[in-house]
Amino acid sequence: MPLSPELAALLAAPPPAQLPLPPAAHPSPGTRLLRGAVYAAPAGIRPLELDLWLPDESHDPLPVIVYVHGGGWRTGSRTDMGPRFRPWHPSPFARLAQAGFAVASLDYRLTGEATYPAQLEDVTAALAWLHARAGELGLDTGRVVTWGESAGAHLATLLALTSPVLGCVAWYGPTDLTTLAAQSQPGTYDATSPTTREALLIGAPLAAAPERARAASPVSHVTADAPPFLILHGTDDALIPLAQGEQLAAALRRAGAHVDFRPVPGADHAWAGLPDEDVERCFTTSVDFARALVDR
C-alpha cells in the first residue's frame, strides 16, 4: 500500500546536512575529532559517514583535505591511511589537523553495494556536505585538496577532475582501466575475469566493457581545467604498475595542468619495501604540496 504524502513526509529522514553533528573527541593533543558524521543516505544501504579531524583551536576558516581510503573499492576503512601508517602515534590524520588542516576522511559505497559511478557520486556528495556545513564547522571550502591512496587515489583524482578543488595528492592509484592489463606483468592480470577489483567496480570484465572501463578511468576526465597534482607511485608496484601514474601525469601535462610526478624508487604497493624514513618523506612531501596550494 502506498504511503500518503503526509505519512511519507513524516517518515522521511532529515537531510544529512541538517542532522546533529557527533560530539567531539580529543584523540591526540591539539586535535578534535567528529567521528561518524552522516553525509549521505543512499536508499537501501547504510548511511555514509565521514570523520572530521580539526585543530583544537582555530580562529580562521580552515583549509580542507578530503581523504579517500584504499582497499580495491571493496574493502577499507576511513580510519586508515594504509598499512605503513597504522603504527603512527599521533595518526597521520591527527598530524594533518595539528598542521592546521581540517581533514574529512570518507566512507563510500563499496563494490559489494554498488558499481561505478556510485563511488564518485558519494565522494562528490561528501564535498557538497562540507560546503553546506562550512560555516558552522569553520571550514574554508574554497581551499580543498583531495588525497587518496590506491583505489582511494582513483576516486580522489576523479573528484579533483570533476569538482572545483585546489589540487590532488594521488598515491599509487589506477588511472586508466583500459590499459591496466597490458601494463601488468605477463600472466598476472586477466581482463576477461569478472572477479578482478576493476571488474567488480564497473560491473563487468574490463575486456567486455571497454566503454565502462574508459568512463571510470581518471585519464578520460582530464581537461585544461584540471588542478595541480602530486602523483607518488612506487617503481616496484606489483599491483598497480608505475605506468598508470605515468599515464595520468602525461595526460595532465598535455592538457596544460601542473603535475609533480615522483616515482618512488624501490617501493611496492602501499609503500611496501620502503624504509620508515622514506614513508615519512612521502607523507611530508604530500603535506608540503597541500600547504603550498592552500597558502597561495
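Some ground rules. Residues are numbered from 1 along each chain as its sequence is written, and side-chain values use heavy atoms, with hydrogens and water left out. Because the model is predicted, local features need pLDDT of at least 70 and side-chain atom pairs count only at pLDDT 80 or more, while totals for chains, interfaces and linings use all residues.

Let's start with the sheet. Helices (H or I, at least four residues) and strands (E, at least two) are DSSP runs, numbered from the N terminus. Two strands pair if DSSP finds at least two bridges between them. Here, 9 strands make an open sheet with mixed pairing. The order is β1-β2-β3-β5-β4-β6-β7-β8-β9. At the edges sit β1 (24-25) and β9 (259-264), and each pairs on one side only.

Strands β4 and β6 are parallel, with 6 bridges. Within that pairing, I65 has V145 in β6 as its bridge partner. Next, β6 and β7 are also paired in the parallel sense, over 5 bridges. There, G148 stands opposite A170 in β7. A170 has a bridge partner in β8 too, and that is I231. Strands β7 and β8 (residues 229-234) run parallel, joined by 4 bridges.

Two helices pack on this sheet. Contact here means heavy atoms within 4.5 Å. Axes are lines fitted to C-alpha atoms, for helices over the stretch in contact, and angles run from 0 to 180 degrees between N-to-C directions. Helix α5 (residues 151-162) touches β4, β6, β7 and β8. Its direction makes about 145 degrees with that of β6. Helix α9 (residues 242-255) touches β8 and β9, at about 160 degrees to the direction of β8.

How enclosed is β6? Buried means under 20% relative accessible area, exposed over 50%, and partly exposed in between, with a 1.4 Å probe and protein chains only. Of the 11 residues of β6, 8 are buried, so the strand is largely enclosed by the rest of the structure.

On to the aromatic rings. Rings of Phe, Tyr and Trp (its six-membered ring) pair if their centres lie within 6.5 Å; planes under 30 degrees apart count as stacked, over 60 as edge-to-face and the rest as tilted. The whole structure has 12 aromatic pairs. Take Y67 and W147: they are edge-to-face, 6.4 Å centre to centre, with 65 degrees between the planes. That pair links distant parts of the chain, with Y67 in β4 (residues 62-68) and W147 in β6 (residues 139-149), 80 residues apart. Y67 is buried, at 1% relative accessibility. W147 is buried as well, at 0%.

W147 has another partner, W171. Their centres are 5.4 Å apart and their planes are at 70 degrees, so this pair is edge-to-face. W171 lies in β7 (residues 167-171), 24 residues from W147. At 0% relative accessibility, W171 is buried. Step back and ring pairs link a cluster: W53, Y67, F85, W88, F93, W147, W171, Y172, W271 and F283.

Charges join in at two rings. A charge sits over a ring if NZ of Lys or CZ of Arg is within 6 Å of the ring centre and within 35 degrees of the ring normal. R95 places its charged end over W88, 4.0 Å from the ring centre.

What about disulfides? The cut-off is a pair of cysteine sulfur atoms within 2.5 Å. The structure holds 0 of them. C168 is buried at 0% relative accessibility, and C282 is buried at 5%.

Last, the backbone. Most residues other than glycine have a negative phi, and most peptide bonds are trans. Which spots depart from that here? H89 and P90 are joined by a cis peptide bond, omega about 0 degrees. P90 lies in the loop between β4 and α2 (92-98). Y116 to P117 is cis too, with omega near 15 degrees. P117 is in the loop between β5 (102-106) and α3 (118-132).

S150 has a positive phi, near 60 degrees. S150 lies in the loop between β6 and α5 and is buried at 10% relative accessibility. Y172 also has a positive phi, about 40 degrees. Y172 sits in the loop between β7 and α6 (180-183), buried at 1%.
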